[in-house]
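Please read these points with the coordinates open beside you.

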Amino acid sequence: MTAAIKTLWKQALNTFEERGNVGFKLCQKNFDKLRYLMNKITAEDVNLNKQILDFIQVQHAPMWVIDIFENKDFAISIFILKHGFTMPIHDHPGMYGFLKVISGVVQINNYTLKANEDHTIRLNKEVMALRHKPISLHSNSPACTLTPKDKNLHEITCIEGPAAFLDILSPPYDVDDSGKGPRPCTFFKTVSSSKLCTDSPDIVEEVKLVVIEGPPDFYSGSLKYTGPPLM
Ligand SMILES: [Fe+2]
């Protein structure tokens, strides 16, 4: 039987093939199938075991990354956050993304920018965004998604950990997308917020965010992937 992670990877290849080409159009059917497969992925499918989680909990780095696959179209990785730590607000410029919790519990604040921004946003620039209702995700929760326009920024806190989630991002960070130049990850902090009268119960408030330098106390270690091979 084909390993679940291999089936997922093949579907990601179908969904995001030639992602960087001008005129790329996402096929909703493929995207939905990828989400369906993502929802079924477990810690066992990628060999994320107790030994790894116990090791991480006693390390200094607040976050650990296991890279599974990357080409110019998409990347699959596992992120592991230690208990009580928060991955600060950051963006995913021009990207589609899936996040599936496979261990522990995280709380996520999603933000949607009110105006389209360039792929590289300069330091200290202020942007307006809508903050969505926070969500808590555990290993039985469905994957959450982000798109180039919707919920493109998020802040992730581990409330029961270590918490691990599988991520698919397309295209990966820094890959030149349609000739618009490199796309680094930008970090933000909240400057001010105001309650909003809106018809959408999903939106909590309007916030002003400012671009900050990568937080020095938030760094990551990396571990080798030990799950089933993809090729
Ligand atoms: Fe992220």
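**The iron site and its surroundings**

1. Along the chain, the donors of the iron ion follow the spacing H-x1-H-x61-H, donors being N, O and S atoms within 2.8 Å of the metal (3.2 Å for Na, K and Ca), with water not among the atoms, so sites may look incomplete. The coordinating atoms are NE2 of H90, NE2 of H92 and NE2 of H154, at 2.1 to 2.2 Å. H92 lies in the loop between strand 3 (86-90) and strand 4, whereas H154 lies in strand 8, so the pair ties together parts that are 62 residues apart in sequence. Helices (H or I, at least four residues) and strands (E, at least two) are DSSP runs, numbered from the N terminus. Both H92 and H154 are buried, where buried means under 20% relative accessible area, exposed over 50% and partly exposed in between (1.4 Å probe, protein chains only).

2. As to the basis of these values, this is a predicted model, in which local features need pLDDT of at least 70 and side-chain atom pairs count only at pLDDT 80 or more, while totals for chains, interfaces and linings use all residues. Residues are numbered from 1 along each chain as its sequence is written, and side-chain values use heavy atoms, with hydrogens and water left out.

3. Which residues of helix 3 (residues 50-57) are buried? They are I52, L53 and I56, and, seen down the axis of helix 3, they fall within an arc of 95°, so they line one face of the helix; the arc is that of the directions from the helix axis to the C-beta atoms. On the other side of helix 3, K50 and Q51 are exposed. The cover over the buried residues includes strand 1 (63-70), strand 2 (75-81), strand 4 (96-113), strand 8 (153-170) and strand 11 (220-223), counted by contact, that is, heavy atoms within 4.5 Å.

4. Strand 8, which holds H154, also gives the most to the lining of the second largest pocket, with five residues. Strand 1, strand 2 and strand 3 are among the other elements that give two or more residues to this lining.

5. Finally, K10 lies in helix 1 (residues 4-16) and, at 44% relative accessibility, counts as partly exposed. The C-alpha atoms of K10 and K133 are separated by 33 Å, the two residues being 123 residues apart along the chain.
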